[in-house]
Amino acid sequence: MTASPAPELGSLAGIAASVRAGERSARAVLAVSLDRVRELEGDLHCFNEVTVEAAEADADAVDRMVRAGLDPGPLAGVPVALKDNLCTVGIPTTCSSKILAGWLPPYDATVVSRLRDAGAVAIGKTNLDEFAMGSSTENSAFGPTRNPWDLGRVPGGSSGGSAAAVAAGMVPLAFGSDTGGSIRQPAALCGIVGVKPTYGVVSRYGLIAFASSLDQIGPFATTVADAALGLEVIAGHDPMDSTSLDRPAPSLLATLDEGVSGLRVGIVADFLSAGSECGDAVVAAAEALAAAGAKVDQVRIPELLLGLPAYYVIAPAEASSNLSRYDGVRYGLRVDGPDAETMNARTRGEGFGAEVKRRIMMGTYALSAGYYDAYYGQAQKARTLVIRAFEAAYRDFDVLLTPTTPSVAFPFGSKVDDPIEMYMCDLCSIPSSLAGHPAASVPFALSPEGLPIGVQVLAPALGEAVMMRVAASLEAAAPREARGPVTP
Amino acid sequence: MARLARLALDDDEVGRYAVQLSAILEHVDAVRRLDTADVPPTAHPFPVENVLRSDTERPSLDREVVLAQAPVAENDRFRVPRIMGEAP
């Protein structure tokens with residue numbers, strides 16, 4: 001093991017309380033965060049852009065509010081990092097793609113405005129696999145992010161920059177997007193908490209679309225309580241997103257410490273063979289919950305294994321449609337040609353990286369005349385079977401446990417040449433995405449080589465409160481050294 | 001497929017993608033072979049009714065700001081190469 005514990009900024013609630021009380025300034029908190037970025041960014045490459053001046057202006061605005069006797073909000077002075085597929089006015093938003101390099105969005109994502117309204121201070125835009133397609137950040141056009149636990153290994157992806165920034169103690173809170181595991185998988189590989197909310201709980205307005213029926217924004221933090229607060233702030237109905245659920249943000253912190261006594265917990269046996277270290281961690285996690293009063297049993301849900309192949313039809317199909325907008329006309333890169341079609345094709349051929357092109361072609365194929373029913377239609381029906389299987393399981397269980405990932409963080413280059421090997425990273429996280437259900441990854445153990453292992457807690461739609469209670473109980477039972485922040 | 005998806009690829013890419021996409025299709029074949037008689041498709045995780053807003057005027061994005069991000073703009077419009085082919 002090469003990583004050592006890092007200095008902690010304190011809990012989000014602690015930071016906000018001290019800033020609100022005027023005991024320390026948002027500017028001083030920001031300085032601690034930016035110092036850590038300066039120290040480690042050269043090794044880790046978490047960020048596509050660190051927005052020092054904008055962050056200082058935001059921190060000063062928070063401090064002015066405090067001096068004026070106003071309340072900046074529940075995240076007063078908390079430095080946060082934003083995945084670079086969340087639109088930010090006047091700050092480049094690239095999706096780590098050459099096709100959007102330098103693009104300045106004309107509006108803020110709803111999540112970005114809600115964070116600002118809560119007093120948070122955004123310090124920059126984090127690296128990702130191009131257009132959120134990947135599990136390692138190796139698909140970024142601007143170079144990979146490294147895992148703070150071991151610089152020779154990937155941080156996971158696609159939200160690898162956000163996960164590594166939190167795991168290295170640069171920020172106490174970051175945001176990513178999760179389509180098939182892009183928050184949970186990097187959280188697990190970086191030894192932190194990552195939450196994918198129920199589809200529709202967080203507005204997607206201003207999140208650059210990958211697969212619209214699956215994409216959700218969620219938080220990364222080092223503790224379950226911090227992730228819960230981060231989610232409470234960004235959740236809730238938004239008329240700008242027509243798939244946003246018309247209900248108030250879930251209340252999570254109020255019930256976080258209620259324990260798991262009497263809860264029915266199912267271990268998904270189908271995923272235990274996925275990886276021995278990670279499977280062992282799930283069994284140990286279940287034992288810890290049983291010791292805390294939960295009723296634990298194993299359950300077989302073989303239909304969940306349909307998730308991976310169904311996802312790798314549905315997500316590319318939606319992506320091929322969503323990414324048709326990058327045509328060299330309205331924004332981003334243009335590579336000229338004698339006519340519009342040649343210009344479109346040259347722009348896209350040069351602007352998109354290998355994985356994005358692979359998925360666009362896969363999706364185009366699955367949607368093309370003659371193959372639509374055999375692939376896309378069938379995948380949509382497989383999606384129904386996954387949802388029905390979950391419904392049956394949740395008649396007997398309140399939450400389900402799986403490994404978050406089949407393995408711990410892997411070395412750079414070990415999966416890039418085999419797309420299917422890379423896709424297998426999402427095996428355990430995809431089913432909840434297809435069902436629109438919430439899921440959280442909690443750091444629970446260390447592998448023999450000292451790398452973090454995450455346990456995934458699944459709950460039915462809008463089951464965030466019970467899911468986070470279980471996550472808090474797991475956190476209480478886990479060894480402290482299994483979670484970040486760490487110093488590489 | 002690349003033509004349909006408007007992707008200009010070089011010969012190397014075509015060869016590589018042909019192999020990789022065949023492997024991916026083989027992997028997702030489990031879905032194609034599934035017996036799904038009487039199973040309805042799911043396009044969206046939750047049923048969504050029509051979502052409407054009141055039909056009132058509101059400002060849209062500023063034209064100058066939007067056009068400033070275009071690769072080529074002229075006379076308040078996006079400029080693009082020729083779209084129609086030459087007449088035969």
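Mentor: Helices (H or I, at least four residues) and strands (E, at least two) are DSSP runs, numbered from the N terminus. The model is predicted, so to speak of local features a pLDDT of at least 70 is required and side-chain atom pairs count only at pLDDT 80 or more, while totals for chains, interfaces and linings use all residues. Residues are numbered from 1 along each chain as its sequence is written, and chains are lettered from A and ligands numbered from 1 in the order in which they are written.

The part to study is the open sheet of chain A, whose eleven strands follow the order E2-E4-E3-E5-E7-E6-E11-E12-E10-E8-E9 with mixed pairing, a pair requiring at least two DSSP bridges between the strands. At the edges of the sheet stand strand E2 (47-50) and strand E9 (295-299) of chain A, and because each has a single partner strand, one side of each is left without a neighbour in the sheet. On average, and with direction ignored, neighbouring strands are turned by 25° against each other. Within this order, strand E5 (residues 173-178) of chain A and strand E7 (residues 216-221) of chain A run antiparallel and are joined by six bridges; A:Ala174, for instance, has A:Phe220 of E7(A) as its bridge partner.

Helix H5 (residues 160-167) of chain A lies across E2, E5 and E7 of chain A, and also across strand E3 (79-83), strand E4 (121-126) and strand E6 (193-196), running at about 155° to E5(A); such angles run from 0 to 180 degrees between N-to-C directions, with axes fitted to C-alpha atoms, for helices over the stretch in contact.

Elsewhere in chain A, helix H9 (residues 307-322) and helix H12 (residues 373-396) pack at an angle of about 130°, with their axes 9 Å apart. Their contact (C-beta atoms, placed from the backbone, within 7 Å) includes A:Gly307, A:Ala310 and A:Val313 of H9(A), and A:Tyr375, A:Tyr376 and A:Ala379 of H12(A).

Beyond chain A, the contact between the two chains takes 55 residues from chain A and 43 residues from chain B. On the chain B side, helix H1 (11-27), helix H2 (29-32) and helix H3 (63-67) each supply at least two residues, and H1(B) gives the largest share, six residues.
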